[in-house]
Amino acid sequence: MAIRTLRIAMEGVTGRLGTNQHLIRSLLAIRQEGGLPLKNGDRLMPEPVLLGRNPEKLAALAAAHGDLTWSTDAATALADKTIDIYFDVAATGGRLERAMRAVAAGKHIYLEKPIANSSAEALKIVRAAKAAGLKAAAVQDKVYLPGFHKLRKVRDSGFFGRILSARLESGWWVFDGELYPSPRSSWNYRKADGGGLVLDMYPHWRYLTSSLMGPIKSVSCRKVTQQPKRWDEAGKPFDVDVEDEVFATFEFESGAFAQVITSWATRVRRDDLIQLQIDGTLGSAVAGGHKCYVQSLAATPKPVFNVEVPQAMNFDAQWQEVPDNEPFRNSYRQGWEQYLRHVADGEPLRSTLLEGARDVQLTEACYQSDRERRWIDIAPLIE
């Protein structure tokens with residue numbers, strides 16, 4: 001057995017998502033377990049190199065995790081021939097320039113979603129990486145969450161029969177920062193910084209629903225800004241110029257439809273922050289991030305509506321939970337493992353950068369639908 005090292009420049013990793021999910025629970029977890037096993041028996045050891053703008057934050061994060069290498073000079077880091085991969089988890093604004101800089105330096109690239117601000121920008125990155133012979137992928141973590149993994153197993157078993165429709169609801173109340181601190185960074189609410197609920201979450205809903213129901217044919221969407229004023233991290237008020245609540249309908253090539261509601265201005269009364277229900281001729285299933293429940297045609301009850309008395313049926317109790325038949329690994333880590341094996345051994349890649357471009361394309365269609373108040377067809381993307 002040999003240890004193969006891959007050095008990875010990680011930009012923007014001092015943010016919450018970068019630190020917790022991509023660094024600690026993914027790459028550092030792999031390192032702590034002695035590396036990622038490869039087909040030939042070797043073990044792949046990722047070596048993070050932290051990039052960013054704040055030297056104090058970088059130094060503290062690096063010191064807290066074994067004196068990792070760090071730098072505020074991205075150009076010099078990318079010129080380092082020992083660095084194999086560039087990963088970007090910084091704010092969406094500027095991702096095109098950062099990705100193209102990494103491609104020009106000959107680095108394989110792995111990009112957080114959305115991979116760009118437009119499908120034209122996304123395709124520019126896709127084509128540049130392909131022309132340079134580089135291995136490129138997009139982060140698509142939600143498909144690896146255990147609830148949605150179980151939902152995919154239910155679909156693969158033929159449980160649904162013909163899929164008829166789906167309902168996806170996600171969100172919670174995001175404090176505006178006045179009464180309580182906002183749990184989301186203020187850049188999420190500024191268009192110039194790549195903010196907005198459509199751009200932030202609808203890439204996820206594209207790849208998640210498409211992985212279960214096939215390609216999306218068209219979309220209808222309306223969006224709104226429910227909280228027009230917020231307070232930033234310094235307690236300074238600012239005007240919100242992006243949406244914080246979205247209502248969309250996806251039409252799939254199969255003929256099925258999905259209602260997709262996402263809100264940062266709602267209070268939760270459901271099993272999870274994200275919940276997806278799929279209804280089919282032979283059965284239905286509903287999943288959150290961790291649990292999945294099913295109800296077959298044969299076990300479907302016959303509800304009774306009576307205006308005179310409260311509903312007596314406990315509908316939740318009539319569903320069967322899908323068991324935890326497989327051990328759960330962090331969803332971000334699973335994406336990293338697939339990508340690292342793709343770079344090291346050429347294993348097939350599920351979340352290609354072209355898939356990331358399709359995610360961005362859907363957000364454009366949502367914005368266009370809202371602007372023009374009509375259905376928008378989704379054209380095939382040509383690599």
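## Cysteines

Cysteine 366 counts as buried, at 0% relative accessibility. Buried here means under 20% relative accessible area, exposed over 50%, and partly exposed in between, with a 1.4 Å probe and protein chains only. Cysteine 292 is likewise buried, at 0%. The closest cysteine sulfur to that of cysteine 366 belongs to cysteine 221, 4.2 Å away, which is too far for a bond. A disulfide requires a pair of cysteine sulfur atoms within 2.5 Å. By this rule there are zero disulfides.

## Basis of the model

This is a predicted model: local features need pLDDT of at least 70, side-chain atom pairs count only at pLDDT 80 or more, and totals for chains, interfaces and linings use all residues. Residues are numbered from 1 along each chain as its sequence is written, and side-chain values use heavy atoms, with hydrogens and water left out.

## Sheet

Nine strands form an open sheet with mixed pairing, in the order 17-16-15-14-8-13-12-9-18. Strands (E, at least two residues) and helices (H or I, at least four) are DSSP runs, numbered from the N terminus. Two strands pair if DSSP finds at least two bridges between them. Strand 17 (320-321) and strand 18 (376-377) are the edges, each pairing on one side only.

Strand 8 (residues 163-171) and strand 13 (residues 257-263) run parallel, joined by seven bridges. Serine 170 faces threonine 262 of strand 13. Helix 7 packs on the sheet and touches strand 8, strand 9 (216-224), strand 12 (245-252), strand 13 and strand 14 (274-280). Its direction makes about 25° with that of strand 12. Such angles run from 0 to 180 degrees between N-to-C directions, with axes fitted to C-alpha atoms, for helices over the stretch in contact.

## Nonpolar cores

A nonpolar core is a set of buried Ala, Val, Leu, Ile, Met, Phe, Trp, Tyr and Cys residues joined through side-chain atoms within 4.5 Å. The largest has 48 residues; among those with the most contacts inside it are Tyr202, Trp205 and Leu208. Helix 7 (residues 197-213) gives the largest share, nine residues.

Beyond four places in sequence, leucine 208 touches Lys142, Val143, Phe148, Leu168 and Leu276. Contact means heavy atoms within 4.5 Å.

## Glutamine 227

Glutamine 227 sits in the loop between strand 9 and strand 10 (229-231). Glutamine 227 is buried, with a relative accessible area of 9%. Leaving aside neighbours within four places in sequence, its contacts include Trp173, Val174, Asp244 and Trp264. A polar atom of its side chain lies 3.3 Å from the backbone oxygen of valine 174.

Definitions and conventions. A polar contact is a pair of N or O atoms within 3.5 Å; within protein, one must be able to donate a hydrogen and the other to accept it, and residues adjacent in sequence count only if both atoms are side-chain atoms.
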